[in-house]
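Subject: Structure handover

Hi,

Here is the structure I promised to pass on to you. Please open it next to this email, and you can follow along as you read.

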Amino acid sequence: MAMTHQLTLSLGSNEGAKRNIANALDSLRAQFGELRVSSVYESEAVGFDGDNFLNLVVAVETTLSLALVQEFLKHLEVSQGRDRGQVKFSSRPIDVDILTYEALEGPADGGAVAGAAAGIVLPRPEITENAYVLLPLAELLPEQIHAPSQKSYAQLWAEYDQASQRLWPIPFDWA
């Protein structure tokens with residue numbers, strides 16, 4: 001029997017956001033089965049002037065390797081109109097980032113994270129940098145430990161400068 005791995009993902013959109021997030025959740029459920037989903041939060045764009053984003057975090061169990069998860073997520077983004085040639089800080093129909101994959105830690109291209117494409121660092125640095133990632137993660141997995149800091153996500157959120165980035169929960173029906 002294949003080993004299962006806990007995977008957490010950050011989803012964000014500011015173009016047709018409700019529709020694109022619902023479509024992404026449908027695709028994730030079709031691929032991974034049961035999803036644990038945080039509340040959906042609206043926040044102002046960070047790093048550029050643009051429409052507000054909707055963001056959430058999803059936790060799943062998977063038997064896929066990290067490389068296959070990455071490949072699936074890239075296809076999901078492209079299928080929903082994501083232009084991978086966009087600048088980093090810009091509007092987008094959907095963005096799905098791997099936050100954690102089990103307890104793996106380090107850069108994929110440095111060899112620390114085996115079986116992944118270059119350019120990914122786990123746990124993803126944005127966890128501690130952006131409220132729109134940390135708050136939904138702390139809501140979904142409050143007691144889980146963030147390996148680099150050895151603090152729980154709830155503790156990281158409690159220590160975060162919550163006035164630095166505005167975000168608020170919104171009603172969101174999916175399922």
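**What I found**

Let me start with Ile 98: setting aside neighbours within four places in sequence, this residue is in contact with Leu 7, Thr 8, Leu 9, Leu 66, Val 69, Gln 70, Leu 73, Ile 120, Leu 122 and Arg 124. Do keep in mind that this is a predicted model.

A second, separate core has 19 residues, with Val 57, Ile 127, Tyr 132 and Ala 138 among them.

Ile 98 itself belongs to the largest nonpolar core, a set of 30 residues, and is one of those with the most contacts inside it, alongside Leu 11, Leu 25 and Leu 28. Five elements each supply at least two residues of this core: the strands β1 (5-13), β4 (53-62) and β5 (95-101), and the helices α1 (17-32) and α2 (66-79). The largest share comes from α1, which gives 7 residues.

The side chain of Ser 38 reaches the backbone nitrogen of Val 57 at 3.0 Å. Ser 38 sits in the loop between β2 (36-37) and β3 (40-43). Leaving out residues up to four places away in sequence, Ser 38 touches Leu 56, Val 57, Pro 136, Glu 139 and Leu 140.

- Where is the cis peptide bond? It joins Leu 122 and Pro 123, with omega at about -15°.
- Glu 102 is not a glycine, yet its phi is positive, at about 55°. You will find Glu 102 in the loop between β5 and β6 (106-107). Its relative accessible area is 38%, so Glu 102 is partly exposed.
- Gln 150, also not a glycine, has a positive phi of about 60°. Gln 150 lies in the loop between β8 (145-146) and β9 (151-152). With 57% relative accessibility, Gln 150 counts as exposed, because the cut-off for exposed is over 50%.

Best wishes

How values were computed:
Residues numbered from 1 in each chain as written. Predicted model: local features only at pLDDT ≥ 70, side-chain atom pairs only at ≥ 80, totals over all residues. Heavy atoms only, no water. Core = buried A, V, L, I, M, F, W, Y, C linked by side-chain atoms within 4.5 Å. Buried < 20%, exposed > 50% of the residue type's maximum accessible area, 1.4 Å probe, protein only. Helix = DSSP H or I, 4+ residues; strand = E, 2+ residues; numbered from the N terminus. Contact = heavy atoms within 4.5 Å. Polar contact = N/O pair within 3.5 Å; in protein donor to acceptor, adjacent residues only side chain to side chain.
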